[in-house]
Amino acid sequence: MARMWAGLLSLVLLAGCGERPRLAPATGKITHKGQPLTAGSVIFVPDAGNAWAKDNPSSLLQTDGTFTMKTFPFGDGVSPGKYKVTLDPALAGRIRLPNLSKADKTPWSVEIPEAGKTDIVFDAR
């Protein structure tokens, strides 16, 4: 009986070890009228042509407005490709720019090359 459970557990664990995206570093800063934007999240919404479109990488904004994108549960970075950049709805509403929370309306976009991009800057106005 113990062998059967061990075998079943092994199969479940192997099934969970599926495809992993290649991740490239993606860091930057978001400001609002020149001042660091804080107390919220930035979300990258993959373009339809991205090789890995299963997850929306995100990051909490730090007190200086900086962010380091993460793709949960895989770690720091994003899959190389094109993204629309959005803010979480509460943050976008607080700065009275609700379109920044909608991928189909945000003016922000970024392309992450294979080597990554560490100088991403957006200013919300």
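How many salt bridges does the rule give here? The count comes to 4. Keep in mind while reading that this is a predicted model.

**The salt bridges**

Here are three of those pairs, with their N to O distances.

| Pair | N to O distance |
|---|---|
| Arg22 and Glu114 | 3.0 Å |
| Lys70 and Asp76 | 2.6 Å |
| Arg125 and Asp123 | 2.5 Å |

Start with Arg22 and Glu114, whose side chains meet in a salt bridge. Arg22 sits in the loop between helix H1 (2–16) and strand S1 (26–32), while Glu114 sits in the loop between strand S9 (109–112) and strand S10 (117–124), so this pair ties together parts that are 92 residues apart in sequence. How open to the outside are the two partners? Arg22 is partly exposed, at 46% relative accessible area, and Glu114 is also partly exposed, at 48%.

On to the other two. Lys70, the partner of Asp76, is partly exposed, with a relative accessible area of 41%. In the remaining pair of the table, Arg125 counts as exposed because its relative accessibility is 67%, over the 50% cut-off. Its partner Asp123 comes out as partly exposed, at 26%.

**Around Ser79**

Is Ser79 buried or exposed? With a relative accessibility of 7%, Ser79 falls under the 20% cut-off and therefore counts as buried. Leaving out residues up to four places away in sequence, Ser79 touches Pro21, Arg22, Leu23 and Trp52.

Ala53 belongs to the loop between strand S3 (41–46) and strand S4 (58–60). Ser79 is buried, whereas Ala53 is partly exposed, at 47% relative accessible area.

**Strand S1 and its partners**

Which strands does S1 pair with? One is S10: the two run parallel and are joined by 6 bridges. In that pairing, Ala26 stands opposite Lys117. Another is strand S5 (residues 66–68), which pairs with S1 in the antiparallel sense over 3 bridges. There, Gly28 stands opposite Phe67.

S1 also pairs with strand S2 (residues 35–36), again in the antiparallel sense, over 2 bridges. His32 faces Gln35 across this pairing. S1 and S2 make a hairpin with 2 residues between them, and Lys33 in the turn has a positive phi of about 55 degrees.

**The nonpolar core**

Now for the inside. The largest nonpolar core has 23 residues, and those with the most contacts inside it are Ile30, Val42, Phe44, Leu87 and Ile112. S1, S3, S8, helix H2 (89–94), S9 and S10 each give two or more residues to this core.

Setting aside neighbours within four places in sequence, Ile30 is in contact with Gln35, Pro36, Leu37, Val42, Leu61, Gly65, Phe67, Leu87, Trp108 and Phe122. Some of those names have come up already: Val42 and Leu87 are listed with Ile30 among the core residues with the most contacts, Gln35 is the residue opposite His32, and Phe67 is the one opposite Gly28.

Methods: Residues are numbered from 1 along each chain as its sequence is written. This is a predicted model: local features need pLDDT of at least 70, side-chain atom pairs count only at pLDDT 80 or more; totals for chains, interfaces and linings use all residues. Side-chain values use heavy atoms; hydrogens and water are left out. Buried means under 20% relative accessible area, exposed over 50%, partly exposed in between (1.4 Å probe, protein chains only). Contact means heavy atoms within 4.5 Å. Helices (H or I, at least four residues) and strands (E, at least two) are DSSP runs, numbered from the N terminus. Two strands pair if DSSP finds at least two bridges between them. A nonpolar core is a set of buried Ala, Val, Leu, Ile, Met, Phe, Trp, Tyr and Cys residues joined through side-chain atoms within 4.5 Å.
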